[in-house]
Amino acid sequence: MDKYCYNHNVEINLLNEIFGEKAVMGYCEKNTRKRNAIIRTAMETLPTAQRKLILYKYGFTDGHIHTTRQTAKHLDISQEETKQMEAFALRMLRSPSCSKVLRKLLSML
């Protein structure tokens with residue numbers, strides 16, 4: 001069997017051609033809302049400071065991933081505090097209760 005390079009945009013283009021752009025965009029919009037709700041639910045488990053850090057560092061606030069230095073400056077804390085807070089937040093998100101919710105995102109990729 002030939003090998004294929006799967007790319008989200010290529011898949012969307014093919015599905016648009018088969019089902020029509022309106023149908024595909026409606027599904028994508030619905031899927032996006034589901035993903036956002038899952039992320040929101042997981043983020044609500046974090047204390048406020050850790051939530052702000054994760055949302056900023058991973059680009060949920062402006063669409064750009066930020067370095068530890070940029071995040072520390074944005075939050076007006078040291079880089080060491082940033083690293084510690086991020087580690088704490090990621091441990092919480094990896095906990096069984098959070099990771100169970102977030103695992104649903106894997107099936108949507």
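The structure is a predicted model, in which local features need pLDDT of at least 70, side-chain atom pairs count only at pLDDT 80 or more, and totals for chains, interfaces and linings use all residues. Residues are numbered from 1 along each chain as its sequence is written, and side-chain values use heavy atoms, with hydrogens and water left out.

Helices here are DSSP runs of H or I with at least four residues, while strands are runs of E with at least two, both numbered from the N terminus. Helix 5 covers residues 79-94, which makes 16 residues. From its first C-alpha to its last, helix 5 reaches 22 Å, close to the 22 Å expected at 1.5 Å a residue; the expected span is 1.5 Å times one less than the number of residues.

Five residues of helix 5 deserve attention: Thr-82, Met-85, Glu-86, Ala-89 and Leu-93 are buried. Buried means under 20% relative accessible area, exposed means over 50%, and partly exposed lies in between, with a 1.4 Å probe and protein chains only. The buried residues of helix 5 fall within an arc of 100 degrees when seen down its axis, so they line one face of the helix. The arc is that of the directions from the helix axis to the C-beta atoms. In general, an α-helix has 3.6 residues a turn, so residues three or four places apart point the same way. The face of helix 5 turned away from the buried side carries Arg-91 and Arg-94, which are exposed. The cover over the buried residues of helix 5 includes helix 2 (21-43), helix 3 (48-57), helix 4 (68-75) and helix 6 (96-106).

Leaving aside neighbours within four places in sequence, Thr-82 is in contact with Leu-53, Thr-68, Thr-71, Ala-72 and Ile-77, where contact means heavy atoms within 4.5 Å.

Helix 4 may be considered next. The axes of helix 4 and helix 5 are 9 Å apart, and the two helices pack at an angle of about 100 degrees. Axes are lines fitted to C-alpha atoms, for helices over the stretch in contact, and angles run from 0 to 180 degrees between N-to-C directions. Helix 4 and helix 5 are therefore roughly perpendicular to each other, a description that applies to angles of 65 to 115 degrees, whereas angles under 35 count as roughly parallel, those over 145 as roughly antiparallel and the rest as oblique. Thr-68, Arg-69, Thr-71 and Ala-72 of helix 4 make the contact with Gln-79, Thr-82 and Lys-83 of helix 5.

Within helix 4, Thr-68, Thr-71 and Ala-72 are buried. Seen down the axis of helix 4, these buried residues fall within an arc of 100 degrees, so they line one face of the helix. On the other side of helix 4, Arg-69 and Lys-73 are exposed. Helix 3 and helix 5 are among the elements that cover the buried residues of helix 4.

Leu-75 also belongs to helix 4 and is partly exposed, with a relative accessible area of 23%. Apart from neighbours within four places in sequence, Leu-75 is in contact with Lys-52 and Leu-53. Just after helix 4, Asp-76 takes a positive phi of about 60 degrees. Most residues other than glycine have a negative phi. Asp-76 is placed in the loop between helix 4 and helix 5 and is exposed, with a relative accessible area of 69%.

Helix 6 presents another buried side. Cys-98, Leu-102 and Leu-105 of helix 6 are buried. They cover an arc of only 15 degrees around the axis, which puts them on the same side of helix 6. The face turned away carries exposed residues, including Lys-100, Arg-103 and Lys-104. The cover over the buried residues of helix 6 includes helix 2 and helix 5.

Salt bridges complete the account. A salt bridge is a side-chain nitrogen of Lys or Arg within 4 Å of a carboxyl oxygen of Asp or Glu, and a search of the whole structure finds two. One joins the side chains of Glu-86 and Lys-57 at 2.9 Å, N to O. Glu-86 lies in helix 5 and Lys-57 in helix 3, so this pair ties together parts that are 29 residues apart in sequence. Glu-86 is buried at 10% relative accessible area, and Lys-57 is buried at 11%. Another joins Arg-33 and Glu-29 at 3.5 Å, N to O.
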